[in-house]
Amino acid sequence: MTDHTAPLPDLDQLTESGLRAKGTDSILLIACGALAREILDLKQANGWTHMDLTCLPAKYHLYPDKITAAVRDSVAKHRDRYDNIFVVYADCGTGGLLQAACAEMGVEMVAGPHCYSFFEGNDRFAHHSESEITTFYLTDFLVRQFEAFIIKPMGLDRHPQLRDMYFANYEKLVYQAQTDDPALTEKARAAADRLGLKFERRFTGYGDLATHLKDL
């Protein structure tokens, strides 16, 4: 199991306001707040002391039209203080706009359509994605923030009867586990039950995220 002894940012903070960079080290990672814990774990486990981290609000997961402009602003804000900047987002619903912006700014980003793909490994995810079009995915972060990201934005806390309409075309919930945490697994199973979906736990670890960061 991953050692979480290092201080971790508050989940609500990551959701609403993100995480500020310290202004040190040579490489800045600009990431989605939903990836902060995983990136900090990887930094600690591998001794990547040359990397600094700033995170945009994880709630942009729900509003992908905000991501590209926010990444542009963050690159402009921090460019003068770092030797290199790496964007820890995949396309994430931007329709190619984020990739175009990163190319224009001369910064690299994670490959893949979204975090579900790069956590599982882009090649593996692409191989079976067509057979899983009726699958709803959760990561560790989304399991922890299930109420904030799924239930409340969809209004299911106020109108639970909407569940059958929202999830009529889904068959199962796949929990992509980054860590081996029995409590999170049970919480993910409860989420599947709440949505009326079959449950599958799929241990992915950090997938292509670890590979990308290792190469920096």
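Student: At what angle do helix H2 and helix H11 pack, and how far apart are their axes?

Tutor: Two packed helices are described by the angle between their axes and the distance between the axes. Here helix H2 (residues 36-46) and helix H11 (residues 207-214) pack at an angle of about 50°, and their axes are 11 Å apart. Axes are lines fitted to C-alpha atoms, for helices over the stretch in contact, and angles run from 0 to 180 degrees between N-to-C directions. Helices (H or I, at least four residues) and strands (E, at least two) are DSSP runs, numbered from the N terminus.

Student: Which word describes H2 relative to H11?

Tutor: Angles under 35 degrees count as roughly parallel, over 145 as roughly antiparallel, 65 to 115 as roughly perpendicular and the rest as oblique. The angle therefore makes H2 oblique to H11. The H2 and H11 crossing is right-handed. A crossing is left-handed if the near helix is turned anticlockwise from the far one by less than a right angle, and right-handed if clockwise.

Student: Which residues make the contact?

Tutor: Contact means heavy atoms within 4.5 Å. H2 contributes Glu38, Ile39 and Leu42, while H11 contributes Leu209, Ala210 and Leu213. By class, the residues of this contact of H2 with H11 are 5 nonpolar, no polar and 1 charged. Ala, Val, Leu, Ile, Met, Phe, Trp, Tyr, Cys and Pro count as nonpolar, Asp, Glu, Lys and Arg as charged, and the others, Gly among them, as polar.

Student: What kind of model is this?

Tutor: This is a predicted model, in which local features need pLDDT of at least 70 and side-chain atom pairs count only at pLDDT 80 or more, whereas totals for chains, interfaces and linings use all residues. Residues are numbered from 1 along each chain as its sequence is written, and side-chain values use heavy atoms, with hydrogens and water left out.

Student: How do the axes of H3 and H4 cross?

Tutor: The axes of H3 and H4 cross at roughly 20° and come within 9 Å. These two helices, H3 and H4, are therefore roughly parallel to each other. Their crossing, that of H3 and H4, is right-handed. On the H3 side the contact is made by Ile67, Thr68, Val71, Arg72 and Val75, and on the H4 side by Leu97, Leu98, Ala101, Glu104 and Met105. The contact of H3 with H4 has 7 nonpolar, 1 polar and 2 charged residues.

Student: Which residues of H4 are buried?

Tutor: Buried means under 20% relative accessible area, exposed over 50%, partly exposed in between (1.4 Å probe, protein chains only). In helix H4 (residues 97-105), the residues Leu98, Ala101, Cys102 and Met105 are buried. Seen down the axis of H4, the buried residues fall within an arc of 100°, so they line one face of the helix. That arc is the one of the directions from the helix axis to the C-beta atoms. Ala103 and Glu104, on the other side of H4, are exposed.

Student: What do the buried residues of H4 pack against?

Tutor: They pack against helix H3 (67-78), strand E3 (84-88) and strand E4 (108-109). Just after H4, glycine 106 takes a positive phi of about 75°.

Student: Which residue has a positive phi although it is not a glycine?

Tutor: Cysteine 92 has one, of about 55°. Cysteine 92 lies in the loop between E3 and H4. With a relative accessible area of 22%, cysteine 92 is partly exposed.

Student: Is tyrosine 137 buried or exposed?

Tutor: Tyrosine 137 counts as buried, at 10% relative accessibility. Tyrosine 137 lies in strand E5. Its C-alpha is 4.9 Å from that of valine 174, although tyrosine 137 and valine 174 are 37 residues apart in sequence. Not counting residues up to four places away in sequence, tyrosine 137 touches several residues, among them Glu132, Val174 and Arg202.

Student: Where is glutamate 132 found?

Tutor: Glutamate 132 is in the loop between helix H6 (122-128) and strand E5 (135-138). At 9% relative accessibility, glutamate 132 counts as buried. Not counting residues up to four places away in sequence, glutamate 132 touches Tyr137, Lys172 and Arg202.
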